[in-house]
Amino acid sequence: MSAATAGPLLAVEGVSVRFGALLALSGVSLSIQRGEILAIIGPNGAGKTTLLNVISGFYHPYEGRILFEGRDRTRRSPPDVAELGVARTFQNVALFKGMSVLDNLMTGRLLKMGGHFLLDAIWWGPARRQELANRAFVERIIDFLEIQAIRKTPAGKLPYGLQKRVELGRALAAEPKLLLLDEPMAGMNVEEKEDMSRFILDVNAEFGTTIALIEHDMGVVMDISDRVAVLDYGRKIADGQPEQVRKDAAVLDAYLGAGHD
Amino acid sequence: MTEILYAVFVGPFREMAGSPAFLVEVLLGGVATGLMYSLVALGFVLIFKASGVFNFAQGVMVLFAALTLVGLMERGVPVAVALIVTMAVMVGLAFLIERVVLRPLVNQEAIILFMATIGLNFFLEGFGEMLWGANVKKLDVGIPDRSFIVAGVQINQLEMSAAATSAVMVAVLAVFFQRTRIGRALRAVADDHEAALSIGIPLKTIWIIVWSVAGLVAIVAGIMWGAKSGVQFSLSLVALKALPVLILGGFTSVPGAIVGGLIVGVGEKLGEIYWGPLVGGAIENWFAYVVALVFLLFRPQGLFGEKIIERV
């Protein structure tokens, strides 16, 4: 096997992030294996979103390395990371609110459209053909996520649960190798959570997409993830199978605050 | 009382009907000026959409572009070469602004970026005059300023060439930003910076593109207005006329800038000629602002702007 296919898809090695005096992450090491669903859990303020932001290039660590497919990419900018094949969603839904659902998904496909920005304007033929091919792909995602009926609706007008689904669709449009989901089920009711869990499992099974997600609902985490990593006060305190982690003493401490003697 | 009503609501229209050829002349003049307003307004809209910055320096960019072009020509540089050099200067300026002004201020409040463009405004004004001198310069683009008569309507050759150029420029820009991938990227950036970054849109590139385009628009506007009234400081005030255009059209709409420009251009010409005499003339300069004010009362988002919805 070549270096690109062996080993984990992503490796975080001893990463520390500091905001002024606050150490948001300290020496965190974590690997994401190809094809798995990894859940990152932990109490509020544990550094979960910070970790996601480091992986997607929004923050740069002052210490440690990040390897994607075996290559160092610690200091890449968010657009560069996206180009490597990492897509993400945000905790507070970051859709293009003025655009239709379809346009949101098409925008997610921007990187898959080759050619040059400026040439597009002058030379129409190839640009149009590309647009059609990409539109076909986006329609598949629309079918997959069962959002046919809201295709033309401005994203900002949708209820929260649907916005989360559209945001997932936009990330999928980029055909990512690694999909990062920041609390994909926050604020959803039971039914919506079940739908979202099903979509996440289907994406993983059908497209083979590697997924790392942050989630607070323990029931969901235990159900859908292959592996669970636990953060507390910026440190990783556990990492393993869901059943193992559930019984881990350090994890129970962090969550219940019990037994500090 | 009836006399006043007659003078306001009937008289001007009888005048228009009485001499249709003259009316067409007035309308043409209005369209010609309106297109030039549209062009300047487009520069504003592009930058506002892509970076949320209200670029106060847009007017001075017009002046700076015209000064550079005339300055080079005065020193014996052939027109074509001078034009290319000016274009290069404006694109270079876009790179410089991204690096020196926008990048350090990224994620700051809109008002801070606005202040930065005021600084840019004074810098460009001083720098331009330092380089090329503050005297009024004549810009000769080789189109004679003469008129001829078609079907009883007097047409000015310079004005019509300017109008045609603006129309072409406006059309090209509209297609460029509405129909291509950049258009979608631009709207994405305008909607949500973080999300745009996360799907691989390089913010820096988009900024450089819109500031370059605004610079090129400034050159065209500078040439048009400069050929008409000489290259001098008052050129930068043309940009102020773009304000009512923006209020009419909406700050984020390309078609809005075009339609808004035409409304202001035609409106102020009609107002000046037919209603101006009622109050002793010279209403052309403030008419547009009154229209914009009235408009603000009823449609603060402009004709085509995105509707402002606020939840409380």
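Modeller: Helices here are DSSP runs of at least four residues, and strands are runs of at least two. Keep in mind that this is a predicted model.

Colleague: How many helices and strands does chain B have?

Modeller: Chain B has 13 helices and two strands.

Colleague: What does the radius of gyration say about chain B?

Modeller: Set the value against the globule rule. For 312 residues the rule gives 20 Å, and chain B comes to 21 Å, so chain B is as compact as a globular protein of that length. Its C-alpha trace spans about 65 × 60 × 35 Å along the principal axes.

Colleague: What percentage of the residues in chain B is buried?

Modeller: Burial is a matter of counting neighbours: 20 or more other C-beta atoms within 10 Å make a residue buried. In chain B, 44% of the 312 residues are buried. Now look at contacts with a separation of 6 or more. Residues 24 or more positions apart account for 75% of them.

Colleague: Which residues touch the most other members of the largest nonpolar core?

Modeller: That core has 165 residues, and B:Val62, B:Ala66 and B:Ala221 touch the most other members. H10(B) gives the core its largest share, 18 residues. Take B:Ala221 as a case. Beyond its neighbours within four places in sequence, B:Ala221 contacts B:Met36, B:Leu39, B:Val40, B:Val62 and B:Val238.

Colleague: Where is the kink in H5(B) centred?

Modeller: The kink is centred on B:Leu96 and is about 25°.

Colleague: Which residues of H5(B) are buried?

Modeller: First the general idea. An α-helix has 3.6 residues a turn, so residues three or four places apart point the same way. In H5(B) the buried residues are B:Thr86, B:Met90, B:Leu93, B:Ala94, B:Ile97, B:Glu98 and B:Leu102. Their cover includes helices H3 (20-51), H4 (58-74), H6 (110-132) and H10 (203-229) of chain B.

Colleague: How many residues does each chain bring to the contact?

Modeller: Chain B brings 19 residues and chain A brings 26 residues. On the chain B side, helix H8 (181-191) and helix H9 (193-198) each supply at least two. The largest share of that side is seven residues, from H8(B).

Colleague: What classes of residue make up the chain B side?

Modeller: The side of chain B that touches chain A has nine nonpolar, three polar and seven charged residues.

Notes: Residues are numbered from 1 along each chain as its sequence is written. Chains are lettered from A and ligands numbered from 1 in the order in which they are written. This is a predicted model: local features need pLDDT of at least 70, side-chain atom pairs count only at pLDDT 80 or more; totals for chains, interfaces and linings use all residues. Two residues are in contact if their C-beta atoms, placed from the backbone, lie within 7 Å. Ala, Val, Leu, Ile, Met, Phe, Trp, Tyr, Cys and Pro count as nonpolar, Asp, Glu, Lys and Arg as charged, and the others, Gly among them, as polar. The bend at a residue is the angle between axes fitted to the seven residues ending there and the seven starting there. A residue is buried if 20 or more other C-beta atoms lie within 10 Å of its own, exposed if 12 or fewer, and partly exposed in between; C-beta atoms are placed from the backbone. The radius of gyration is taken over C-alpha atoms; the globule rule is 2.2 Å times the number of residues to the power 0.38. A nonpolar core is a set of buried Ala, Val, Leu, Ile, Met, Phe, Trp, Tyr and Cys residues joined through C-beta atoms within 7 Å.
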